[in-house]
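Please read this briefing alongside the sequence and the 3D view.

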Amino acid sequence: PSFSIEPPDQKAIVSVTGAKPSAPVPIDERSAVVVLGADTARRDAVVDALVTLPSGAYTLIDLKAAMSAQIDAGGPDGDALRELVQAGMIVGPSMAAEVLDKAMSPTGGPYVIRSDGASSALLALLSRTNGLAPLAFAFGSPAEGETMLAAAFRAGGRELHSVSATDADGARAEACAALGLAAPAPYAPPAASGGEAASTSSAAAGAPLPTAASEVLFVLGGPGSGKGTQCDLLVKHCGYTHFSAGDLLRAEVAAGSEKGQEIEAMIKEGKIVPGAVTIDLLKKAIGSRPGPYLIDGFPRSMDNAKGFEQELGIAKGVLYFEVDEATLEQRLLKRGETSGRSDDNAEVIAKRFKTFQQSSLPVINYLSTIMKVHTINGAQPVPTVFAQVCKLLGHEVPANVDADADAPSAD
């Protein structure tokens, strides 16, 4: 018994990001379902039912175990993965897809995929690009880091089945019925010392794997909307790590490199720097500091957005600060009196407004289809805006924000 993931004509599921499957594996021969959710007791009971079927049993795979196994196996691919992990760098979706392909037999299956210990953003993107699983079982609210995985199923037209049964045996019966399987035997929880380690890989206890996009919030808005001000407050009061795409680019310019000179020319003209350049700087920055992360001023184009997904995965969400154009212009001209920035002048400001309208607003619309976009009125006083941001992100509103709140002075 398997759950067919493609129609008979084997028409491939189109990736939102445009990425291609990493290996020419016959998609219709790799049946899979995904399990996720904070209620791990019911989740693991269903996994047990699927992996112990009398015939056609599912094989349990989790991405972290597969990566660890590849590292232990060595070879060029394993060594490359080990170097990334040891350096604290990001394991991108394309590499993760290759690891998963190797863990799955081209003609084997069916498989049950669990997101334990791996960046759910990677698995979310894998479910899009490889067309592995049209069905996910959710047990309660998504666990930490799994929100984007759940969103990927909803946005991609796949089924996210919320298991309603509150007990282990009821959850097993409900999941098997959804797959067209007979009701399983009563659940016997494994001993604490045994667990499911043998079903995955003994290498699962290896070096921890880095996460990335699932800890990222994009911070967007027109130039002068106060993105930097709000990021500074979130860093001070809520413990975020903040990276400004613009600051990273300006730092490269200050370094005096050839690439920096090219970037400087584009900034002066109000143009968007190619996504590959910015993403490379962001990857290095994220790999150097712990999360959660705020990335402001990015993505500003579809090239940026799709490049980030392909390299790092799907971000957790977006903070979008909406401010009318007249207010933005007033703020930027005032900032230009003291900032010393070459782009804080009337001519470049006009170009930046036009660029934002033409390139960035469509990106925000696109991102809203795959993640939560929080729209905030950024024309309000700084403390009011910050209070709304804290509530949206589930943080307690600090009592002393007024002391930090100057007029918005950063993009």
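The points below are grouped by topic.

This is a predicted model, in which local features need pLDDT of at least 70, side-chain atom pairs count only at pLDDT 80 or more, and totals for chains, interfaces and linings use all residues. Residues are numbered from 1 along each chain as its sequence is written, and side-chain values use heavy atoms, with hydrogens and water left out. The protein chain holds 15 helices and 10 strands; helices (H or I, at least four residues) and strands (E, at least two) are DSSP runs numbered from the N terminus.

**The chain as a whole**
- Of the 411 residues in the protein chain, 48% are buried, where buried means under 20% relative accessible area with a 1.4 Å probe, counting protein chains only.
- Among contacts in the protein chain with a separation of 6 or more, 78% are between residues 24 or more positions apart; a contact means heavy atoms within 4.5 Å.
- The protein chain has an accessible surface of about 17900 Å², and carbon and sulfur atoms hold 52% of that surface; such areas come from the Shrake-Rupley method with a 1.4 Å probe.

**The sheet that contains β1**
- An open sheet is built from 5 strands in the order β2-β3-β1-β4-β5, with parallel pairing; two strands pair if DSSP finds at least two bridges between them.
- At its edges are β2 (59-62) and β5 (159-162), each of which pairs on one side only.
- Neighbouring strands of this sheet are turned by 25° against each other on average, direction ignored; axes are lines fitted to C-alpha atoms, for helices over the stretch in contact, and angles run from 0 to 180 degrees between N-to-C directions.
- Helix α2 packs on the sheet and touches β2 and β3 (111-114), its direction making about 75° with that of β2.

**Strand β1 and its partners**
- β1 (residues 32-36) pairs with β4 (residues 135-138) in the parallel sense over 3 bridges.
- Leucine 36 has alanine 138 in β4 as its bridge partner, and valine 35 stands opposite phenylalanine 137 in β4.
- β1 also pairs with β3 in the parallel sense, over 4 bridges, and valine 34 stands opposite isoleucine 113 in β3.
- Because 5 of the 5 residues of β1 are buried, the strand is largely enclosed by the rest of the structure.
- Ala32, Val34 and Leu36 point one way from β1, while Val33 and Val35 point the other way.
- In a regular strand, side chains alternate between the two faces of the sheet.

**The sheet that contains β6**
- Another open sheet of 5 strands runs in the order β7-β8-β6-β9-β10, with parallel pairing.
- β7 (241-244) and β10 (372-377) stand at the edges with a single partner strand each, so one side of each is left without a neighbour in the sheet.
- In this sheet, neighbouring strands are turned by 20° against each other on average, direction ignored.
- β6 (residues 216-221) and β9 (residues 317-322) pair in the parallel sense over 5 bridges, and phenylalanine 218 stands opposite valine 318 in β9.

**Helices α2 and α3**
- α2 (residues 63-73) and α3 (residues 75-86) pack at an angle of about 115°, with their axes 7 Å apart.
- Residues in this packing include Met67 and Ile71 in α2, and Leu81 and Val85 in α3.

**Cysteines**
- The whole structure has 0 disulfides, a disulfide being a pair of cysteine sulfur atoms within 2.5 Å.
- Cysteine 176 counts as buried at 1% relative accessibility, and cysteine 231 counts as buried at 1%.

How values were computed. Buried means under 20% relative accessible area, exposed over 50%, partly exposed in between (1.4 Å probe, protein chains only).
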